[in-house]
Amino acid sequence: MAELIKKIRSFMSDNGLDCLLINSTNEFLVEYNSLAENSRYNLTRFSGSAGDAVVTKDKVYLFVDGRYHIQADLEVDHSFVTVVKLHNGEKMIEKMRFLLPDHSILGVVSKKNSQARVELLQKYFNVRLLDYDIAEPAFELPEDKIEDIDIRFSGLAFKEKFSLITSNLAADEAILLTNAEEVSYLFNKRDFSKPFASKITAKAFVTKNNAEFFTRDKLNDFEQKLKSFNGRVFVDKKSVNAYDYSILKNQAVPVEENPVQLMRSVKTDEELQHYKESFKKTDSAVRAIRDYIENNNNISEFDISKKLEEEFIRFGAKGLSFKSIVAKDKNSALAHYSKSSKDEIIADGSLILIDCGAYYEGGLATDITRVFVKGRPSDIHKKIYTTVLKVFLHAFNFQATENFSGFDIDALARKVINENPVEGFVFNHGLGHGIGISVHECPPNLSNNEIARVPLKENMCFTIEPGLYNKDLFGVRLENSCYLKNGKINSFVKMNYEKKLIDFDILTEQEKEWLKDFEVL
C-alpha cells in the first residue's frame with residue numbers, strides 16, 4: 001500500500017494535481033466490479049461494492065455509506081487510510097468540499113466516472129480529466145460466454161424493443177448505450193460465466209435502422225463508430241462515462257429520461273411470471289438452509305455459505321446474483337458483511353443473518369434476507385426482530401396514492417422506527433432498491449434520496465428491507481422482493497418469518513392481521 005501511495009503522489013506531482021479520485025468501478029460503471037480490476041480496493045483493501053477514495057498530498061480518504069461504516073473500519077490500515085463515513089442522505093461530494101480546499105486541482109479518470117458526476121465535480125473543483133488510471137491493478141479480461149434469452153422469459157423480442165426506442169429517431173440520429181444491463185436488456189442477451197452477474201459486458205450504438213453492441217474486445221471499433229457518425233447522438237449523462245461523452249463533442253444530446261432504462265424498470269408480465277418461479281426456487285434454497293442450521297451443530301458461517309450455494313444450484317440457479325452474506329452475532333451488524341468465516345462457529349443462541357439471491361434462466365436477480373437463531377433467542381433478539389418486522393409490515397401495506405414513490409414508503413418506514421425506538425440500534429441505509437438484470441437497479445428506489453421521488457409504476461420490482469443494527473451486539477434485516485400490481489404492493493418472497501423470534505405482545509392487532517398474509521413457523 002505504501003508503495004502504491006508513493007507512486008500515486010509522484011504521478012500527482014508530475015501532473016500538477018492537488019488530489020486524485022480513485023474509483024471502485026470500471027469503464028462500464030458497474031456496481032459490482034470485480035476486486036481484480038478495482039482500483040479503490042487495490043489502494044485501500046476495502047472490499048465493499050461501493051465507495052471511492054481520494055488521495056491528497058498528505059491523506060488518503062475513503063468515503064463509505066452507512067452499509068459499510070463498520071466493514072471499512074475493520075478492513076483498512078488506519079495508519080494510511082482515513083475512513084469518511086457518509087450518513088443517510090449525505091453525498092460524497094459534500095464531504096469532499098469540506099475536506100479539500102476550494103478549487104483544488106482534482107484528477108479524475110475519464111473512463112471511470114459518469115459525465116454527470118464530472119460536471120458536478122467541476123462546480124467545486126478544478127477537474128483534470130485523465131485517460132490513464134495510475135491505481136488500476138493488472139488483470140486479464142474474462143472470456144465472454146454470451147447466450148440468448150428466450151422470449152418466454154423476456155416477454156418482448158429484440159425487434160419489438162428496438163422498434164419502441166427508435167420510433168421517433170430521425171435518419172441522422174442515434175442512441176448511445178454504455179450501461180451493460182441496458183445493453184443486455186435491449187438485445188435479450190446474458191452471460192452467466194462471470195461471478196454475481198448475468199449481464200453481457202458491452203456497449204451499444206443504435207440508429208433508426210440498425211443496432212450493434214460491442215464487447216470489451218471490440219471497444220476500438222466502438223470508438224471508431226462514435227467518431228465516424230455524422231449526426232445527433234442521444235446520451236444519458238448519468239450512465240455514459242466522461243471519456244465516451246468527450247468523443248461525441250457537440251454531437252451529444254443529453255436526455256432527461258433514458259428510454260431503455262425506463263423500459264427495463266417496468267417488467268413485462270412474462271418477466272413477472274419468471275420472477276415468481278425464480279423466487280419459489282429461492283425460497284426453497286433458503287428454507288433448506290434454515291433446516292441445515294437447525295439440524296446441524298458445530299457449523300461455521302463458511303459452511304452455511306457453501307451449503308447455501310449448493311442449495312441454489314440444486315434448485316436450478318445458474319449462479320448467485322451477489323456474494324451471499326452469512327453473518328452471525330456482531331457480524332450481522334455489518335450490512336454488507338462478506339467474509340463468511342470458517343472461524344465463526346454457530347453456537348446455541350447465535351443469531352444468523354442471511355442475505356442472498358440467484359440468477360435463473362431468464363437472468364433476473366433474486367434477493368432475500370432472513371434472520372435465524374440457533375436454539376432459543378434472547379429477549380433483545382425478539383425485540384429487534386419484531387420491531388423490524390413491524391416496519392416491514394407497514395411499508396408493505398403502504399396505502400397507495402396517485403404518483404406515490406419510494407421516497408414516500410421510506411418516509412413511512414422511518415416514521416415507524418421513530419415511534420418504536422430501540423436505544424443503541426440504528427437504521428442506516430435506504431429502505432429498498434429496484435431489481436432486475438442487476439440486483440440493484442434504479443428506478444425504482446426506496447430511500448430518502450431525491451432519486452427515490454420517481455413515481456412507482458405498475459410492474460416495477462423492488463425490495464423492502466428495513467433493518468436495525470448495533471455494532472457491539474448484532475443486526476436484523478428482513479428483506480422481501482416485491483412488485484407493484486393494480487396499485488398494490490405484492491411480495492415475490494413467500495419464505496416464512498420465525499415465530500420464535502416474534503414478540504406478539506408488541507404487535508398491534510392490525511399488524512397481526514397483516515402478518516397472516518405471510519407464513520410463520
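This is a predicted model: local features need pLDDT of at least 70, side-chain atom pairs count only at pLDDT 80 or more; totals for chains, interfaces and linings use all residues.
Let me begin with helix α5, which runs over residues 115-122, and in which Q115, V118 and L121 are buried. Why do these residues sit on the same side of α5? They cover an arc of only 120 degrees around the axis, and that puts them on the same side of the helix. As a general point, an α-helix has 3.6 residues a turn, so residues three or four places apart point the same way. As for what covers the buried residues of α5, the elements include β1 (19-22), α4 (92-99), β5 (105-109), β6 (126-130) and α10 (242-248).

Turning now to the salt bridges, a search of the whole structure finds 43 of them, and I will pick out a few. The side chains of D73 and K85 meet at 2.5 Å, N to O, and this pair links helix α3 (residues 69-75), where D73 lies, with strand β4 (residues 82-85), where K85 lies, 12 residues apart. D73 counts as partly exposed because its relative accessibility is 29%, and K85 likewise counts as partly exposed, at 30%.

In another pair, E441 forms a salt bridge with K267, with 3.7 Å between the closest N and O atoms; E441 belongs to strand β20 (residues 441-446), whereas K267 is in the loop between α11 (259-265) and α12 (269-295), 174 residues apart. Are these two residues buried or exposed? Both E441 and K267 are buried.

Finally, I would point you to E27, K203 and D244, which are linked in a network of salt bridges.

Methods
Residues are numbered from 1 along each chain as its sequence is written. Side-chain values use heavy atoms; hydrogens and water are left out. Buried means under 20% relative accessible area, exposed over 50%, partly exposed in between (1.4 Å probe, protein chains only). Helices (H or I, at least four residues) and strands (E, at least two) are DSSP runs, numbered from the N terminus. The arc is that of the directions from the helix axis to the C-beta atoms. Contact means heavy atoms within 4.5 Å. A salt bridge is a side-chain nitrogen of Lys or Arg within 4 Å of a carboxyl oxygen of Asp or Glu.
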